[in-house]
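Let me put the model up on the screen and talk you through a few spots.

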Amino acid sequence: METRADKTTNPILVIAATAVVVFSAVGIAAFMGWIPTSTSGTSDSAKVATVQQAAKPAAKPQPAPARVAAAAPAKRKCPECAVVESVREIETAGQATGLGAVGGAVVGGVVGHQVGGGRGKDLATVVGAVGGAVAGNQIEKKAKSTKTYEITIRMEDGTTRVVSEPNPPVWKPGEKVKFISGKLQSNA
């Protein structure tokens with residue numbers, strides 16, 4: 001035996017669902033800017049007052065209302081003021097002239113010649129000379145290397161600059177400085 005229930009939707013439920021759909025659609029349209037807003041640059045009462053003043057005969061001008069200064073003091077403009085962001089040491093390898101390689105090859109050959117005997121001695125001499133040449137070249141580059149220091153500063157306008165100095169700087173990150181004629185100065 002099959003019972004069939006006649007299901008009809010309650011009219012209040014249909015009205016509530018329709019209201020939710022319409023309310024959501026209006027909210028989305030307002031959020032997306034599809035519906036013009038009720039705010040404008042001037043209110044209706046301001047427009048009426050402007051029309052009434054225009055209709056009056058010319059009278060002595062009314063003083064403009066004084067503006068109240070902001071609570072915070074105005075920040076001074078300083079185009080050369082900056083803050084140190086970072087200090088880096090940069091080591092630049094020197095140029096090898098070949099003297100280091102020659103000296104290293106001689107020393108390596110002499111030391112290699114002291115190892116082994118017979119054909120092993122000859123092989124050790126060659127390996128010592130090649131190894132000494134490579135090591136001597138690297139030692140010469142290291143000896144002729146130079147150190148510079150890069151100081152990154154953030155200017156008051158938000159831009160960053162990198163200043164190179166040959167000597168270790170006295171500046172630390174967070175310090176306030178002035179950047180004048182390509183040089184950093186204290187801003188104490």
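So, Cys78 and Cys81 form a disulfide, with their sulfur atoms 1.8 Å apart; the cut-off for calling a disulfide is a pair of cysteine sulfur atoms within 2.5 Å. The structure holds 1 disulfide. The torsion about the S-S bond of Cys78 and Cys81 is about 70°, so this disulfide is right-handed. Are these cysteines buried or exposed? Cys78 is buried, at a relative accessible area of 5%, and Cys81 is buried as well, at 4%. Buried here means under 20% relative accessible area, exposed means over 50%, and partly exposed is in between, with a 1.4 Å probe and protein chains only.

Quick caveats. This is a predicted model, where local features need pLDDT of at least 70 and side-chain atom pairs count only at pLDDT 80 or more, while totals for chains, interfaces and linings use all residues. Residues are numbered from 1 along each chain as its sequence is written, and side-chain values use heavy atoms, with hydrogens and water left out.

Now the overall layout. We've got 4 helices and 5 strands in the chain, and along the sequence they run α-α-β-α-α-β-β-β-β. Those are DSSP runs, numbered from the N terminus: helices are H or I with at least four residues, strands are E with at least two. Of the 188 residues, 15% count as buried.

On to the core. The largest nonpolar core has 10 residues, including Val84, Ile151, Ile153, Trp171 and Val177. By nonpolar core I mean a set of buried Ala, Val, Leu, Ile, Met, Phe, Trp, Tyr and Cys residues joined through side-chain atoms within 4.5 Å. Strands β1 (81-92), β2 (146-155) and β4 (176-180) each give two or more residues to this core, and β2 has the largest share, with 3.

Let's zoom in on Val84. Beyond its neighbours within four places in sequence, Val84 is in contact (heavy atoms within 4.5 Å) with residues including Ile151, Thr152, Trp171 and Val177. Thr152 is in strand β2 and is buried at 19% relative accessibility.

Last stop, Val22. Val22 is in helix α1, residues 11-32, and is partly exposed at 47% relative accessible area. Okay, that's my tour.
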